[in-house]
Amino acid sequence: MAGTFVDVSMYDRPGRGSGLLDVFRWRYLLRVLIRKGTATRYRNSTLGWIWSYVKPASQFAIYYFVMGIVLQNHRLENYAVYLFSGIVIVNLFNEAFGNATNSIVDNRALVRKIYMPRELFPVAAIVGAVIHFLPQMAILLVVCLLIGWVPTVAGLVGALLGLFLILAFSLGLGMLFSGLNVRYRDAQNFVDLIKMFSTWTSPVLYSWVLIAETFHNYPWATFLYTVNPITVAVELFHVAFWEPTVDTTEGLPSFFGWASLCAVILTLCILLIGQAVFRHYERTFAQDL
């Protein structure tokens, strides 16, 4: 009938949702996606979840043999704990970031058929990475307890803050590159480069003091190195799990507090940029896939 108006305020226009806020409104679908990712990870695998222990243990053994025995990097007491407490957090970043980047492409069948907030896919990928981070964390805790680790409240709070920082950083980068990856598959190559550099550009295999000594004439370079959110998270894990097991440590940089604040600001900026890029490209996800 002419002049009749239909109230459409109750309906959501596809691609015009509330971004990450929609994840809380669609919690049921988020749980479904998480279960799906967890169930299919080791489908048709004989060892199944055992691989969640074997892979990090093998990576640790290789790094420890090369850096701790062949290159005799014994400057740090309890180097094995120092190494592994850094590896677990870097592994979490690499898996969360990589899975989030591929989350839209890997779920192309759902993206093409039905509408749901697309942010559900990278968020589910991040949560799945956390689930597979837990076995590595369990190994680290057992080793620390065996050598006399006594946790501190400050250390555990710092580790939680480092964990949240890594997850937020991974989510921001994951949304940024998952949006680009649908349209430009070259984005995956940049992701692989970032993951490769993540281990070597943070104090996992060595101490931050080596960086400070190398750039002693350029203190700003050491500061920029520490601003990396991965570096901040790794150092917080060292404080929580490695420092209580040794008699003396080199401590944290004097500017670590300011560097951590800059890392938080950088992470928030990455989250905002990642969300903006993701929403820009999500309108054509179904066509591009």
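**Figure 1. Asn 78 in the loop between helices H3 and H4.** In this predicted model, Asn 78 is partly exposed, with a relative accessible area of 27%. Asn 78 belongs to the loop that lies between helix H3 (51-70) and H4. The phi angle of Asn 78 is near 50°, a positive value in a residue other than glycine.

**Figure 2. Overall helical architecture of the protein.** The secondary structure consists of 13 helices and zero strands. Read from the N terminus, the order of elements is therefore α-α-α-α-α-α-α-α-α-α-α-α-α. Of the 289 residues of the protein, 47% count as buried. Among contacts between residues at least 6 apart in sequence, 83% join residues at least 24 apart.

**Figure 3. The largest nonpolar core.** In soluble globular proteins, nonpolar side chains tend to be buried together. Here the largest nonpolar core has 69 residues. Ile 89, Leu 92, Leu 173, Phe 237 and Phe 241 are the residues with the most contacts inside this core. Two or more residues are given to the core by each of helix H2 (27-41), helix H4 (79-106), helix H6 (120-146), helix H7 (153-183), helix H8 (187-200), helix H9 (208-214), helix H11 (229-242) and helix H12 (256-282). Of these elements, H4 gives the most, with 16 residues. Apart from this core lies another, of five residues, including Leu 165, Val 232, Phe 256 and Ala 263.

**Figure 4. Surroundings of Phe 241.** Phe 241 is among the residues with the most contacts inside the largest nonpolar core. When neighbours within four places in sequence are left aside, Phe 241 is in contact with Val 81, Ser 85, Met 137, Leu 140, Leu 141, Cys 144, Trp 149 and Ala 159.

**Figure 5. Gly 86 in helix H4.** Gly 86 is a residue of helix H4. Because its relative accessibility is 0%, Gly 86 counts as buried. Not counting residues up to four places away in sequence, Gly 86 touches Val 204, Val 234 and His 238. Gly 86 and His 238 are 152 residues apart in sequence, yet their C-alpha atoms are 7.0 Å apart in space.

**Figure 6. Ser 198 in helix H8.** Ser 198 lies in helix H8. Ser 198 counts as buried because its relative accessibility is 2%. Leaving aside neighbours within four places in sequence, the contacts of Ser 198 are with Val 90, Phe 93, Asn 94 and Ile 230. Asn 94 is 104 residues from Ser 198 along the chain, and the two C-alpha atoms are separated by 7.8 Å.

**Figure 7. Lys 36 in helix H2.** Lys 36 is part of helix H2. The relative accessible area of Lys 36 is 39%, so this residue is partly exposed. Between the C-alpha atoms of Lys 36 and Ala 124, which are 88 residues apart along the chain, the separation is 9.5 Å.

**Figure 8. Helix H10 and its packing partners.** Within helix H10 (residues 219-227), the buried residues are Ala 221, Thr 222, Tyr 225, Thr 226 and Val 227. The buried residues of H10 pack against H9, H11 and H12.

**Figure 9. Helix H12, its span and its buried residues.** H12 has 27 residues and reaches 38 Å from its first C-alpha to its last. This span is close to the 39 Å expected at 1.5 Å a residue. Buried in H12 are Phe 256, Ala 259, Ser 260, Ala 263, Thr 267, Ile 270, Leu 271, Gly 274, Gln 275, Phe 278, Tyr 281 and Glu 282. An α-helix has 3.6 residues a turn, so residues three or four places apart point the same way.

Figure 10. Rolling a probe the size of a water molecule over the atoms shows where empty space is left. The count comes to three cavities of 30 Å³ or more. The largest cavity has a volume of about 80 Å³. Its lining is formed by Leu 76, Tyr 82, Ser 207, Trp 208, Glu 235, His 238, Trp 242, Glu 243, Thr 249, Glu 250, Gly 251 and Leu 252. These lining residues divide into five nonpolar, four polar and three charged. H11 gives the most to the lining, with three residues. One of the lining residues, His 238, is also touched by Gly 86.

Definitions and conventions: Residues are numbered from 1 along each chain as its sequence is written. This is a predicted model: local features need pLDDT of at least 70, side-chain atom pairs count only at pLDDT 80 or more; totals for chains, interfaces and linings use all residues. Side-chain values use heavy atoms; hydrogens and water are left out. A nonpolar core is a set of buried Ala, Val, Leu, Ile, Met, Phe, Trp, Tyr and Cys residues joined through side-chain atoms within 4.5 Å. Buried means under 20% relative accessible area, exposed over 50%, partly exposed in between (1.4 Å probe, protein chains only). Helices (H or I, at least four residues) and strands (E, at least two) are DSSP runs, numbered from the N terminus. Contact means heavy atoms within 4.5 Å. The expected span of a helix is 1.5 Å times one less than its number of residues. On a 1 Å grid over the protein atoms alone, a cavity is a set of points where a 1.4 Å probe fits but cannot get out, and a pocket is an open set with protein on both sides within 12 Å along at least five of seven lines; lining residues have an atom within 4 Å of a point. Grid points are joined across faces, edges and corners, and a volume is the space filled by probe spheres set on the points. Ala, Val, Leu, Ile, Met, Phe, Trp, Tyr, Cys and Pro count as nonpolar, Asp, Glu, Lys and Arg as charged, and the others, Gly among them, as polar.
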